[in-house]
Amino acid sequence: MELLANRTAVVTGGAQGIGFEIARTFVGAGARVVIGDVDLDAATAAAEKLGGAEVAHAVRCNVVHSEQVDTLLSAAVDRFGSLDVMVNNAGITRDATMRTMTENEFDLVIDVHLKGTWNGTRKAAAIMREAKRGAIVNISSLSGKVGMVGQTNYSAAKAGIVGLSKAAAKELAHHGVRVNAIAPGLIRSAMTEAMPQKAWDQKMSEIPMGRAGEPAEVANVALFLASDLSSYMTGTVLEVTGGRFM
Ligand SMILES: NC(=O)c1ccc[n+]([C@@H]2O[C@H](COP(=O)([O-])OP(=O)(O)OC[C@H]3O[C@@H](n4cnc5c(N)ncnc54)[C@H](O)[C@@H]3O)[C@@H](O)[C@H]2O)c1
C-alpha cells in the first residue's frame, strides 16, 4: 500500500538529517518530493539520491524569507501538479546560556524556526485550502515542552511552533487541511553529533528506552501524519522521544 501515491510533498531543510529521511520515506511511500534548503548543492545531491527528476526536485530556499517559500511551493505545483503535504523542518541551533547569548543568536533561531514555520504553514495553507485537502507537519522539539538549559531561543521557538500549529489547525480544519506537530527527543543527526560527549551522556541517562532515536523513526511518524492514516487528527503533538520527559 503506497500511503502517498500521487501526492506531492515539500520538505524544508530536507538536504540532510531528519528532513532528508522524511523525504526518503515519502518517496518510498509513492510521493514526489520537493526539497527546499538554504544549501542548494546539498539539496540537489539529496534529490539525486532520492531518484532524480522523476520523483524529487531541489530548490534553494531560506524559510525566513516568504518570497522564497512562495518560489519553493510554486516549484512543487509547477513540476508535479499539486501540493498535498508540507513539512516545516528546517532548523538551526545557536546554544548559549542567557548570560552569553547575543540578541542576534536569539533572533536568528526564532526567525528560522518560528517565522520559517509560519511562512511555510500559511503559504502551504493558501494553496491547500483551494484543493480542500492537505496535511501540514511541523517539527517542534522536546526542548519546547520542557525547556533546555542553553536553549532559551530554541525552546521558545519550538514551543511557539506548537501554539502556531494548534491555531492554524483550528483555522484550517473546515477547509480540509490538517496541521500536526512532531516533538522529537534526542535524534542522531549533524545537529546532535556536534554536542559535547558529556551533554550526550546526560541526555542518554534521561531516556527510558536507553538510546538515541534514528531520523527514520521521526520520518515514519511524519508519514503517518502526512497520510490518510491520521485522517481524524489535527492540532496534535506526537512525541518521538523513547519515553524521555513523557
Ligand atoms: N536532531 C535532533 O535531535 C532534533 C530533536 C528535536 C527537533 N529537531 C528538529 O528537527 C529538524 C531537523 O533537524 P536535524 O537534526 O535534521 O538538523 P540538521 O542540521 O541535520 O539539518 C537541518 C537542515 O536545515 C537546513 N536549514 C537551516 N536553516 C535553514 C533555513 N533558514 N532555510 C532552509 N533550510 C535551512 C540546513 O541546511 C539542513 O539541511 C529541526 O527543526 C530541528 O530543530 C531535531
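Me: Why is G17 called partly exposed?

Reply: G17 has a relative accessible area of 30%. Buried means under 20% relative accessible area and exposed over 50%, with partly exposed in between (1.4 Å probe, protein chains only), so the 30% of G17 puts it in the partly exposed class. The residue lies in helix α1; helices are DSSP runs of H or I with at least four residues, strands are E runs of at least two, and both are numbered from the N terminus. G17 and N62 are 45 residues apart in sequence and 17 Å apart in space, C-alpha to C-alpha.

Me: What do these values rest on?

Reply: This is a predicted model, in which local features need pLDDT of at least 70 and side-chain atom pairs count only at pLDDT 80 or more, while totals for chains, interfaces and linings use all residues. Residues are numbered from 1 along each chain as its sequence is written, and side-chain values use heavy atoms, with hydrogens and water left out.

Me: Is K123 buried or exposed, and how do you know?

Reply: K123 has a relative accessible area of 19%, and the limit for buried is under 20%, so K123 is buried. K123 is found in helix α4. Leaving aside neighbours within four places in sequence, K123 is in contact (heavy atoms within 4.5 Å) with S66, V69, D70 and L73.

Me: What makes the pairing of the K123 and D70 side chains a polar contact?

Reply: The two side chains are joined at 3.2 Å. A polar contact is a pair of N or O atoms within 3.5 Å; within protein, one must be able to donate a hydrogen and the other to accept it, and residues adjacent in sequence count only if both atoms are side-chain atoms. The 3.2 Å between K123 and D70 is inside that limit.

Me: How do you know that the buried residues of α2 line one face of the helix?

Reply: The buried residues of α2 are A43, A46 and A47. Seen down the axis of α2, they fall within an arc of 100 degrees, so they line one face; the arc is that of the directions from the helix axis to the C-beta atoms. These buried residues pack against α1, β2 and β3. The face turned away from the buried side carries the exposed residues D41, E48 and K49. At the start of α2, a side-chain oxygen of D39 reaches to within 3.4 Å of the backbone nitrogen of D41, and just after the helix G51 takes a positive phi of about 130 degrees.

Me: Why is β1 called largely enclosed?

Reply: Five of the five residues of β1 are buried, so the rest of the structure largely encloses the strand. T8, V10 and T12 point one way and A9 and V11 the other, and all are buried.

Me: What makes β1 and β2 a pair?

Reply: Two strands pair if DSSP finds at least two bridges between them; five bridges join β1 to β2, and the two run parallel. V11 stands opposite I35 in β2.

Me: How is the handedness of the crossover from β1 to β2 decided?

Reply: A crossover is right-handed if, with the strands pointing away from the viewer, the path from the first strand over the helix to the second runs clockwise. The chain crosses from β1 through α1 to β2, and this β-α-β crossover is right-handed. β4, helix α4 (residues 103-131) and β5 also make a right-handed β-α-β unit.

Me: Which strand does β5 pair with over six bridges?

Reply: That partner is strand β6 (residues 177-184), in the parallel sense, with A135 opposite R178.

Me: What makes a set of residues a nonpolar core?

Reply: A nonpolar core is a set of buried Ala, Val, Leu, Ile, Met, Phe, Trp, Tyr and Cys residues joined through side-chain atoms within 4.5 Å. The largest one here has 34 residues, and L4, I22, F26, V33, V87 and I182 have the most contacts inside it. Its largest share, seven residues, comes from α9. A second, separate core of 25 residues includes A75, F80, L172 and V179.
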